[in-house]
Amino acid sequence: MTGDQWGYGKEDGPSAWHINYPVALGNRQSPIDIVPDETTLDRDLGPIFLDYDSCTSINISNNGHSVVVEFVDSDDRSMIRGGPLDNPYRLKQFHFHWGEKGHEGSEHTVAGLGYASELHLVHWNAVKYRSFTDAASAPDGLAVLGIFLETGDDHRWLHLITDVLFMVKYKDSVTDFKGFNPKCLLPNRLHYWTYLGSLTTPPLHESVTWILLKEPIVVSDKQLGMFRMLLFNGEEEDERKKMENNFRPPQPLNGREVRSSN
Ligand SMILES: CC#CCOc1ccc(CNS(N)(=O)=O)cc1
Ligand SMILES: [Zn+2]
């Protein structure tokens, strides 16, 4: 298993990542199980602000691990600020993690329970660091906003993404995706939990301030099923591996504090 040859299977999955990425055994790894009764209500935690500009989305792609929407990150048009963050952070990309059936698929769990999926909006600290890559290996370099997805009615805007998934069925496929504002994927209330953790995929850098919204968004089984038509493999490969269960299980808390906004 070298370079980007990690996955979610038996041989190359989360339990083997530590071989090429020893930080997998570090003390601030993500995701974690959030136990609401054991979180600390911090009245000094202010609200988060999401100022996204629909002109910054670029494309949507299949990177062999998830489906990713990339954004222009050469300016401050799409930002997250406030909450636990000392600086505003620039939106770089968002992607999803999901399962094969409704009760699991998220990465973070709440009191031991998983959601069907989890959306991650990845931002980097462009005040302190010159590039995403530099920020990604710094302890205060990244801020990832996590949003849980539960199944129920159709989500009125998710079809903008599911309608184009057929264009990125195979690993390394990419297509234009302009004019999309991820604000349409937010729940009504922005109450959150926050803690210091890591990327949940290799390189697993311990550089993430996690901000997890308490309120899930609702999407239909049918919409979520569209994600499962994606494949882990490239078009040229013989084996067809459905992209599903692309989530890392919860990691040791190691005494970390999880704070609650309210
Ligand atoms: C350094 C580096 C790099 C590659 O960039 C990323 C971006 C997002 C992710 C996904 N991590 S997660 N699931 O914690 O948001 C991993 C690597
Ligand atoms: Zn993620």
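This is a predicted model: local features need pLDDT of at least 70, side-chain atom pairs count only at pLDDT 80 or more; totals for chains, interfaces and linings use all residues.
Before you click: residues count from 1 along each chain as written, chains are lettered from A and ligands numbered from 1 in written order. Local features need pLDDT of at least 70, side-chain atom pairs count only at pLDDT 80 or more, totals for chains, interfaces and linings use all residues, and side-chain values use heavy atoms, leaving out hydrogens and water.

**Stop one: the zinc ion.** Select ligand 2. Its protein donors (N, O or S atoms within 2.8 Å of the metal, or 3.2 Å for Na, K and Ca) are NE2 of His-95, NE2 of His-97 and ND1 of His-120, lying 2.0 Å from the ion. Counting 4 donor atoms, the angles run from 100 to 116°, so the arrangement is tetrahedral (four donors, all angles between 85 and 135 degrees).

**Stop two: the histidines.** Their spacing in sequence reads H-x1-H-x22-H. Colour strands (DSSP E runs of at least two residues): His-95 sits in β7 (residues 89-98) and His-120 in β9 (residues 117-124), so this pair ties together parts 25 residues apart in sequence. Both are buried (under 20% relative accessible area, 1.4 Å probe, protein chains only): His-95 at 12%, His-120 at 1%.

**Stop three: ligand 1.** Now show the 14 residues around ligand 1 (a heavy atom within 4 Å); those that come nearest include Leu-199 and Thr-201. Next, pick out polar contacts (N or O pairs within 3.5 Å) to nitrogen of ligand 1: the side chain of Thr-200 at 2.7 Å, that of His-95 at 3.2 Å and that of His-120 at 3.3 Å. On its own, ligand 1 has 450 Å² of accessible area (Shrake-Rupley, 1.4 Å probe), and the protein covers 80% of that.

Methods:
Four donors count as tetrahedral if all angles lie between 85 and 135 degrees; four count as square planar and six as octahedral if opposite donors are over 155 degrees apart and all others between 65 and 115; anything else is irregular. Helices (H or I, at least four residues) and strands (E, at least two) are DSSP runs, numbered from the N terminus. Buried means under 20% relative accessible area, exposed over 50%, partly exposed in between (1.4 Å probe, protein chains only). A polar contact is a pair of N or O atoms within 3.5 Å; within protein, one must be able to donate a hydrogen and the other to accept it, and residues adjacent in sequence count only if both atoms are side-chain atoms.
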